[in-house]
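Please look over the structure before reading on.

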Amino acid sequence: MMTRRVVLSGATGLATAVLLSGCDRGGSRVLTSSDTHPSDYPTVQAVNEMGRLLETRTGGRLRIHVYAGGQLGAERDTLEITTFGGLDMNRVNLAPLTAIEPMTVIPSLPFLFRSTGHMRRALDGPVGQAILDSLRPHGMVGLCFYDSGERSFYNTKRPIQTPDDLKGLKIRVQNSDLFVAMIKALGADATPMDVGEVYGALVQGVIDGAENNQPSYFTGRHFEAAPFYSLTRHVMAPEILVMSMARWEKLSTADRDLVQQTARESVPFMRTLWDKRVEDATAKLLAGGVKMNDVTDIAAFSGLMKPVWDRFVTTPEQKRLVAEIEATGDDTGTEGGRG
């Protein structure tokens, strides 16, 4: 079964290498991990740091090898391989998880988090743990959350200050029902598209804009075609590091505790790298002539999200966690919703 699935994912040789590299030799174990981001990306470096901590604390008995840059295929493919034990660990976006576990929709809700500090406080606590634990019935152990930035709108036409400024614009989104619903609620035309197609679509006028964090906006060179970047910060959905339940159950209790602890310790390491990446990208964007504006009336946007939330937050457990997130203070102690 595994061979058939690996062939379907287009990673036969690499998956074989993964399995061989992870074989037990003299009681040691190399935990294999996948990431679609390049090797210098903060999530990859964070998992490498986790591996360094594991290797140090076990005298080399446990280590991690990260296959970065999408070597093992797209996230949906590697996620499947992880669930049946072909991969030990995987750093994945929330999008492929929302199709199998409704609780993972919550961190992607538009205008849920008031700030990055608010998001981190909420997901570092019991709410975040509840979302991580919801993956266990699906063959995965959620280890930790990594930042994926504050997503904002950018376009070729004008600054966005109110929802009216979005009306009529064709905005690229990821292939996500939630993101499509958000764009429609704001009055724009949602255009699902692979991120690799965005630059050409902007240049050719196929789309008028998109939404993403500053580092992605910069590295994708989208700012060259769409110089208006408006800080709506509408979504702050994190990414998740998961472990195969099949591998987790083969670890001793002590090793499970160690894996969980080192994963948690990798989070502040990742955040430091990420914050520096945002700072550097923002400076380069401004130096490159990007017209970046704050959006002062966030309530005008968040006030349009009720139908979106009602569609995707349907269970009592989801509603409870959303309420807990809204009641969580941010770094300044502020409480209450953004609207």
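## Basis and terms

Two strands are taken as paired if DSSP finds at least two bridges between them. Helices (H or I, at least four residues) and strands (E, at least two) are DSSP runs, numbered from the N terminus.

The model is predicted, so local features need pLDDT of at least 70 and side-chain atom pairs count only at pLDDT 80 or more, while totals for chains, interfaces and linings use all residues. Residues are numbered from 1 along each chain as its sequence is written, and side-chain values use heavy atoms, with hydrogens and water left out.

## The five-stranded sheet

Five strands form an open sheet in the order β2-β1-β3-β10-β4, and the pairing is mixed. β2 (62–67) and β4 (140–146) are at the edges with a single partner strand each, so one side of each has no neighbour in the sheet. Direction ignored, neighbouring strands of this sheet are turned by 25 degrees against each other on average. Axes are lines fitted to C-alpha atoms, for helices over the stretch in contact, and angles run from 0 to 180 degrees between N-to-C directions.

Six bridges link β1 (residues 29–34) and β2 in the parallel sense. Leu31 has Ile64 of β2 as its bridge partner, and Thr32 stands opposite His65 in β2. Helix α4 (residues 75–83) lies across β1, β3 (89–93), β4 and β10 (239–244), and runs at about 145 degrees to β3.

β1 is mostly covered, with six of its six residues buried; buried means under 20% relative accessible area, exposed over 50%, and partly exposed in between (1.4 Å probe, protein chains only). In a regular strand the side chains alternate between the two faces of the sheet. From β1, Arg29, Leu31 and Ser33 point one way and Val30, Thr32 and Ser34 the other, and all are buried.

β5 (residues 151–155) and β8 (residues 209–212) run antiparallel and are joined by four bridges. Asn155 has Gly209 in β8 as its bridge partner. Both faces of β8 are covered, as Gly209 and Glu211 on one side and Ala210 and Asn212 on the other are all buried.

## A buried arginine

Arg120 is found in helix α6 (residues 116–123). Arg120 has a relative accessible area of 15% and is therefore buried. Leaving out residues up to four places away in sequence, Arg120 touches Asp147, Arg271 and Asp275, where contact means heavy atoms within 4.5 Å.

## Pockets

Pockets and cavities are found on a 1 Å grid over the protein atoms alone: in a cavity a 1.4 Å probe fits but cannot get out, whereas a pocket is an open set of points with protein on both sides within 12 Å along at least five of seven lines, and lining residues have an atom within 4 Å of a point. Grid points are joined across faces, edges and corners, and a volume is the space filled by probe spheres set on the points.

The largest pocket holds about 960 Å³. Its lining has 30 residues, with His37, Asn93, Arg172, Gln174 and Val195 nearest the centre. Two or more lining residues come from each of α4, β3, α5 (95–98), α10 (214–219) and α12 (253–287); α10 gives the most, with three. The second largest pocket has a volume of about 320 Å³ and is lined by 20 residues, of which Ala95, Thr98, Ser176, Asp177 and Leu178 lie nearest its centre.
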